[in-house]
Amino acid sequence: MLDGMNQCSCIVSNVIGPSQEAAVGGYDISDLSFTNAYGGGLYFGVLTFKDKLRISAILDKRCSGDVEVIRDSLEEAYDDLRDALKDVDEDCPLRQPDMTPLAARILEGVVYIAAVALPVLVAMQFQK
């Protein structure tokens, strides 16, 4: 178990914001982002606002790295994902891939074979 947040190298916080126009004290909110003070490495604040996605990245100055490279890589990955999904029919949900480990599939097959073979072997023993 982690003893404090400073042992983490990256934290991602996700906040769902309002999906429609919003105001505070009578003033319309035109833009909204979410960050948090974090002195342990890389921090991503993820927020949705008016059906748009906003991701903020903060890199502790004591860490080696370039936050602009991280930002550019994140934007490129988002663009790649958006392009890959542009032809997907929103009314037809995506099918989740089978993530069952190979060892679990093999074990399932062995158990199935044993469950079928065991009664046959027992019946053959009683016929002798």
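**A close look at the sheet**

Tutor: Strand β4, which covers residues 42-49, pairs with β5 in the antiparallel sense over 8 bridges; two strands are said to pair if DSSP finds at least two bridges between them. Strands (E, at least two residues) and helices (H or I, at least four residues) are DSSP runs, and they are numbered from the N terminus. Before going further, please keep in mind that this is a predicted model, in which local features need pLDDT of at least 70 and side-chain atom pairs count only at pLDDT 80 or more, while totals for chains, interfaces and linings use all residues. Residues are numbered from 1 along each chain as its sequence is written, and side-chain values use heavy atoms, with hydrogens and water left out.

On another side of the pairing, β1 and β4 run in the parallel sense over 7 bridges, with cysteine 10 standing opposite leucine 42 of β4.

Put together, these strands make an open sheet of 3 strands in the order β1-β4-β5, with mixed pairing. The edges are taken by β1 and β5, each of which has a single partner strand, so one side of each is left without a neighbour in the sheet. Neighbouring strands of this sheet are turned by 15° against each other on average, direction ignored. Helix α1 packs on the sheet, where it touches β4 and β5, and its direction makes about 155° with that of β5. Contact here means heavy atoms within 4.5 Å, and the axes behind such angles are lines fitted to C-alpha atoms, for helices over the stretch in contact, with angles from 0 to 180 degrees between N-to-C directions.

How well covered is β4? It is mostly covered, as 7 of its 8 residues are buried, where buried means under 20% relative accessible area, exposed means over 50%, and partly exposed lies in between (1.4 Å probe, protein chains only). Serine 13, which sits in strand β1 (residues 10-16), counts as buried because its relative accessible area is 17%. Leaving aside residues up to four places away in sequence, serine 13 touches Phe34, Tyr43, Phe44, Gly45 and Val46.

Tyrosine 78 belongs to helix α1, and it counts as partly exposed because its relative accessibility is 42%.

Finally, there are charged pairs to consider. A salt bridge is a side-chain nitrogen of Lys or Arg within 4 Å of a carboxyl oxygen of Asp or Glu, and the structure holds 6 of them. One of these joins arginine 71 to aspartate 72, at 3.1 Å from N to O; arginine 71 is partly exposed, at 41% relative accessible area, and aspartate 72 is likewise partly exposed, at 39%. Arginine 82 forms another with aspartate 83, their closest N and O atoms lying 4.0 Å apart, and a network of salt bridges links Asp79, Arg82 and Asp83.
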